[in-house]
Amino acid sequence: MNRNTLSLIAAAVALAAVTGFASVTAPGGGSAKSVAKGPARLPVERSSLLCPAPSLSDLAETTYTAYTPKGSGEGGARTGASAASGTAVLKPAAAPLTDSAPTQPSNKGDKKGKKGKTPEKPDPNKAVITLKEPGKAASASADGSDAPALIGSADGPLAPGWAAQQTTVVSAGENRAVLGTRCTDPDTDFWFPGASTAKSRQDYVHLTNPDDTAAVADIDLFGKDGEIKPDAGEGITVPAKSSVPVLLSTLTSAAADDLTVHVTTRSGRLGAVVQASDAKAGADWLSASADPAASQVVPGIPGDATDVRLVVYAKGADDADLKVRLAGAGGSFTPAGLEAVHVKAGMTASFDLKNVTRGEAGSLFLTPTSDGGKTPIVAAVRVVRGTGDKQETAYISATAPVGDRSTAADNRAKGSTLALTAPAAPATVKVTASPGTEGGEPQTKTYTVKAGTTLAVEPPVPAGLKGSYALTVEPQPGSGPVYASRTLALPQDGIPMFTVQTLPDDKGTVVVPAARQDLSVLDD
């Protein structure tokens, strides 16, 4: 074997190591003489998802829904493994904490709760939910406080676009709420604007480790005056295949209404999400904001919101001067009092928008002013529906655009609202309702979103639906960037309980740079 052949093989090995999930093959299985004309977009071959422990309330009822969309088959972008078998399984994480651990949540206020109850040890080899084929959703349920965090992986044709949703209903007690979250892929860096250590709040950062070795994480807090000196939060060890909840108020004695939480790892990877509970206004999961950037989009604030609070953190050495626009069905405008938004470097700022949507769902566009520089920011909103003792809270973090495709996995016959917004250019979006977990036929509908507006619709429902179903959103060729969220309303006893999940790109494909060498030397 000559030197050119060795160099080419080395390059292929390095490429596979960098891309990780994509395999490198000759197009169509052709001969070694094939010469690539440019980068190829291939379906990923493995995906990982992590779901936090739902609740320590004995009244909790949790539904898990998983789904992988069928490949589009257009241009080969999402084909290639359709004939092969694959697996997609979510299994319990270990529960290393005991009832004496200071970071473990209590089920205070639950009528049937037993404070300090030690969860039953989950069986990490027993699947909680298994997906069998693309295009068919699967669901499972877990009741009470023993439901563990989940760790899962998918491969083969089930990997591209694999999505899972965890929805928990706590019907009574101080923790009564609907808590919903997308199960997320592991990462090393997370930003959570909108958390709190106020006396009325109990906010936990849930850290889940999918790997076979321990991960070590740091948690930093930033308030209105900058970084808060922590009493703890450095070098938190998360054992292999396990999940650890950390109560934010144990990290600092400072009571802050609005915080930005920054989670990073010294070693390993983690899933991270914040469970935010308010003594008077319910609870929900606060997902990580999109990566720090000069502009951010927060899609799908419900039209009947009674109170909206925007939280922004400016990362870096320079202040951020921002324009804030609310985009509704007919266009966008600047909310009163937000004509000039200034956020100091390294600090968290909050803005009370009250009932800004006034009956019409909207999205927030945050962009730098003409002379405001390019300071990266992260952002989220706290949304309250209802009044008095019948309030419920949800959080919507700034998100990345839908990109090629995204899926909201848990939808019911009633209660789902899909919000689509196109900040810069018109967009055409195809929305597909999957078959139900227990039966039903898929349905598809196409929507047009005008530039600078938000379109809120009741999405299509599978014909003859039984069980729950998934919604897949796909911007069509020629569309501008689209941002989306799905609101799931599950009212109980006059309380407008709800949860909102954003829909960033599902990362179902990866761009693989193509080698441009003539491989004919392999025939020598």
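**Close-up views of a predicted model**

**View 1. Lining of the second largest cavity.** In this predicted model, the second largest cavity is lined by L50, C51, P52, T181, R182, T184, H206, T208, G271, A272 and V273. The volume of this cavity comes to about 70 Å³, and it belongs to a count of 2 cavities of 30 Å³ or more. At least two lining residues come from each of the strands β2 (46-51), β9 (177-182), β11 (201-208) and β17 (271-278), and β17 makes the greatest contribution, with 3 residues.

**View 2. The disulfide of C51 and C183.** C51, one of the residues that line the second largest cavity, is joined to C183 in a disulfide whose sulfur atoms are 2.0 Å apart. The link is right-handed, with 110° about the S-S bond. Because C51 belongs to strand β2 while C183 sits in the loop between β9 and β10 (189-195), the pair ties together parts that are 132 residues apart in sequence. Both partners fall under the 20% limit for burial: C51 counts as buried because its relative accessibility is 0%, and C183 counts as buried at 6%. The count for the model comes to 1 disulfide.

**View 3. The largest nonpolar core and the surroundings of L364.** The largest nonpolar core consists of 29 residues, and those with the most contacts inside it are L310, V312, V343, F351, L364, L366 and V381. When neighbours within four places in sequence are set aside, L364 is in contact with Q296, V297, V298, I301, L310, V324, R325, L326, L353 and V381. Two of these partners, L310 and V381, are also named among the core residues with the most contacts. Another core lies apart from this one and has 27 residues, including V205, A215, V238 and V261. In soluble globular proteins, nonpolar side chains tend to be buried together.

**View 4. P335 in its loop.** P335 is located in the loop between β22 (332-333) and β23 (341-343), and this proline counts as buried because its relative accessibility is 3%, which is under the 20% limit. Leaving out residues up to four places away in sequence, P335 touches V324, R325, L326 and V356; of these, V324, R325 and L326 are also in contact with L364. The C-alpha atoms of P335 and T357 are separated by 9.5 Å, although the two residues are 22 residues apart along the chain.

How values were computed
Residues are numbered from 1 along each chain as its sequence is written. This is a predicted model: local features need pLDDT of at least 70, side-chain atom pairs count only at pLDDT 80 or more; totals for chains, interfaces and linings use all residues. Side-chain values use heavy atoms; hydrogens and water are left out. A nonpolar core is a set of buried Ala, Val, Leu, Ile, Met, Phe, Trp, Tyr and Cys residues joined through side-chain atoms within 4.5 Å. Buried means under 20% relative accessible area, exposed over 50%, partly exposed in between (1.4 Å probe, protein chains only). Contact means heavy atoms within 4.5 Å. On a 1 Å grid over the protein atoms alone, a cavity is a set of points where a 1.4 Å probe fits but cannot get out, and a pocket is an open set with protein on both sides within 12 Å along at least five of seven lines; lining residues have an atom within 4 Å of a point. Grid points are joined across faces, edges and corners, and a volume is the space filled by probe spheres set on the points. Helices (H or I, at least four residues) and strands (E, at least two) are DSSP runs, numbered from the N terminus. A disulfide is a pair of cysteine sulfur atoms within 2.5 Å.
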